Amino acid sequence: MSVTTKTGDKGMTSLYTGERVDKGCLRVEVYGTIDEAGSALSMARAFAQKPEVKDRIFALQKQLSLLMADFASLGKTPYITAETVADIEGAIAALEEKLPPLNCFLIPGDTKAGAMLDMARTIARRAERAACRLAQETPVAESDRLFLNRVSDYCFLLMRCEEHE
């Protein structure tokens, strides 16, 4: 089967659950922006020097695939659950304990991986803003919204961990 299906040639795409929607619709923008964050994380993982950071990024990439599936689905039980949100919150807390307290603004970019993690952070924020707009139009699972909010915080801490001596 070819990657080129030609089914989107007229500006429509299929959701994960099969519905056809306009490629410019807000739902597609949300999961497309999450996909961008995942690409930035791929670059960060490729450049990361710390095995713990690489492993954490890889796990986050898998979770973002589930998050995209949630936004690309209508009427399905979300893959991202309250437990998933609690897990990322636990990971955030664990990294915060390991890092020194933050007492100034940071300028990322001391490492390639740190710079890409910061890029992923800002893309995740953009995805979250789009998800908030989508939630004004149609129901969005609270677990998806909360998880997306935590992703940017997690990327920030991963950047700090990668760039910390």
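The model is predicted, and helix α2 (residues 51-71) takes part in two of the contacts described here, with helix α1 (residues 26-47) and with helix α5 (residues 142-163). By the distance rule applied to cysteine sulfur atoms, the count of disulfides comes to zero.

**Helix α1 against helix α2**

- The axes of α1 and α2 come within 9 Å and cross at roughly 165°, and the two helices are therefore roughly antiparallel to each other, since angles over 145 degrees are counted that way.
- The crossing of α1 and α2 is left-handed.
- On the α1 side the contact includes R27, V30, Y31, I34, D35 and L41, while the α2 residues that meet α1 include K54, I57, F58, L60, Q61 and L64.

**Helix α2 against helix α5**

- Helices α2 and α5 pack at an angle of about 160°, with their axes 11 Å apart, which makes α2 roughly antiparallel to α5.
- The crossing of α2 and α5 is left-handed.
- From α2 the contact draws on residues including E52, V53, R56, I57, L60 and Q63, and from α5 on residues including D144, F147, L148, V151, Y154 and C155.
- The residues of the contact of α2 with α5 divide into 13 nonpolar, one polar and five charged.

**Residue I34 of helix α1**

- I34 lies in helix α1 and has a relative accessibility of 2%, so I34 counts as buried, the limit for that class being under 20%.
- Setting aside neighbours within four places in sequence, I34 is in contact with L64, L67, M68, F71, A127 and L148.
- The C-alpha atoms of I34 and I123 are separated by 7.4 Å, although these two residues are 89 residues apart along the chain.

**Cysteines**

- With the count of disulfides at zero, C132 is in no disulfide, and the nearest cysteine sulfur, that of C25, is 17 Å away.
- C132 has a relative accessibility of 36% and therefore counts as partly exposed.
- For C161, the closest cysteine sulfur is in C155, at 13 Å, which is too far for a bond, because a disulfide requires sulfur atoms within 2.5 Å.
- C161 has a relative accessibility of 9% and so counts as buried, and C161 is also one of the α5 residues in the contact with α2.

Methods:
Residues numbered from 1 in each chain as written. Predicted model: local features only at pLDDT ≥ 70, side-chain atom pairs only at ≥ 80, totals over all residues. Heavy atoms only, no water. Axes fitted to C-alpha atoms, helices over the stretch in contact; angles between N-to-C directions. Helix = DSSP H or I, 4+ residues; strand = E, 2+ residues; numbered from the N terminus. Parallel < 35°, antiparallel > 145°, perpendicular 65-115°, else oblique. Left-handed = near helix turned anticlockwise from the far one by under 90°. Contact = heavy atoms within 4.5 Å. Buried < 20%, exposed > 50% of the residue type's maximum accessible area, 1.4 Å probe, protein only. Nonpolar A, V, L, I, M, F, W, Y, C, P; charged D, E, K, R; others polar.
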